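Here are my notes on the helix packing, as numbered points. Have the model open while you read.

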Amino acid sequence: MTPDLVAALHPLLTAEASAEAYASGSEPGDLEQAVWLRLLERLESDGPPPDPHGWLRRAVRAEARRTRRTTRRERPYGVEPADDARPGPEQDALTAARYRALRDAVRRLPGRCPRLLEALLSPKDPTYREIAGELGISQGSLGPERSRCLGCLRRLLSPEVASRGARG
């Protein structure tokens, strides 16, 4: 688009869009933007219009009619369509980050704690009997071992949790 054409059409487009905006139920700036886009598309396909001022007036009116038709067909939602029951992408990202931090902390634990807590966190949800068999320990010592491992994990995570909380 040539700068001369833009300079010549800009005042006329502003006036025409302001005049048509109220009747079409849209903002003048939106009409202007749509017409500039139409002009760019036309310049790319057919070149400049022979009568730029006449073309511009017709384009503004056509865009205003299109906006009126769209506005008549659109109906507002009675309620917000977002599903509040499901967490949004931000919450999903935060949850995934916390889960990664937990898994990293579990891997840093001493002794058989990483294997024990990985088994407890497993999506397969194994029973205490299955976990004890996998780790080669008695089922009765699994509870006290789990308590010790969770205590270690708590001590390991407490500085990280405290430092994260101070930021917010």
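1. In which sense, left-handed or right-handed, does α2 pass α3? The crossing of α2 over α3 is right-handed. (A crossing is left-handed if the near helix is turned anticlockwise from the far one by less than a right angle, and right-handed if clockwise.)

2. Before going on, the ground rules. This is a predicted model, where local features need pLDDT of at least 70 and side-chain atom pairs count only at pLDDT 80 or more, while totals for chains, interfaces and linings use all residues. Residues are numbered from 1 along each chain as its sequence is written, and side-chain values use heavy atoms, with hydrogens and water left out. Helices are DSSP runs (H or I, at least four residues), numbered from the N terminus.

3. Back to that pair: α2 and α3 pack at about 120°, with axes 9 Å apart. Axes here are lines fitted to C-alpha atoms over the stretch in contact, and angles run from 0 to 180 degrees between N-to-C directions. The two helices are therefore oblique to each other. For the wording, under 35 degrees counts as roughly parallel, over 145 as roughly antiparallel, 65 to 115 as roughly perpendicular, and the rest as oblique.

4. Who touches whom? On the α2 side, Leu31, Ala34, Val35, Arg38, Leu39 and Arg42 meet a set in α3 that includes Trp55, Leu56, Ala59 and Thr67 (contact means heavy atoms within 4.5 Å). By class, this contact has 10 nonpolar, one polar and three charged residues. Nonpolar covers Ala, Val, Leu, Ile, Met, Phe, Trp, Tyr, Cys and Pro; charged is Asp, Glu, Lys and Arg; the others, Gly among them, are polar.

5. α2 itself (residues 28–45) has 18 residues and should span 26 Å at 1.5 Å a residue, which agrees with its end C-alpha atoms being 26 Å apart. (The expected span is 1.5 Å times one less than the number of residues.) Its buried residues are Leu31, Glu32, Ala34, Val35, Trp36 and Leu39, buried being under 20% relative accessible area, exposed over 50% and partly exposed in between, with a 1.4 Å probe and protein chains only. Their cover includes α1 (3–24) and α3 (52–73). After α2 comes Gly47, with a positive phi near 85°.

6. Now α5 (residues 113–121) and α6 (residues 128–135): their axes come within 10 Å and cross at roughly 150°. That makes α5 roughly antiparallel to α6. This crossing is right-handed. The contact has six nonpolar, no polar and two charged residues.
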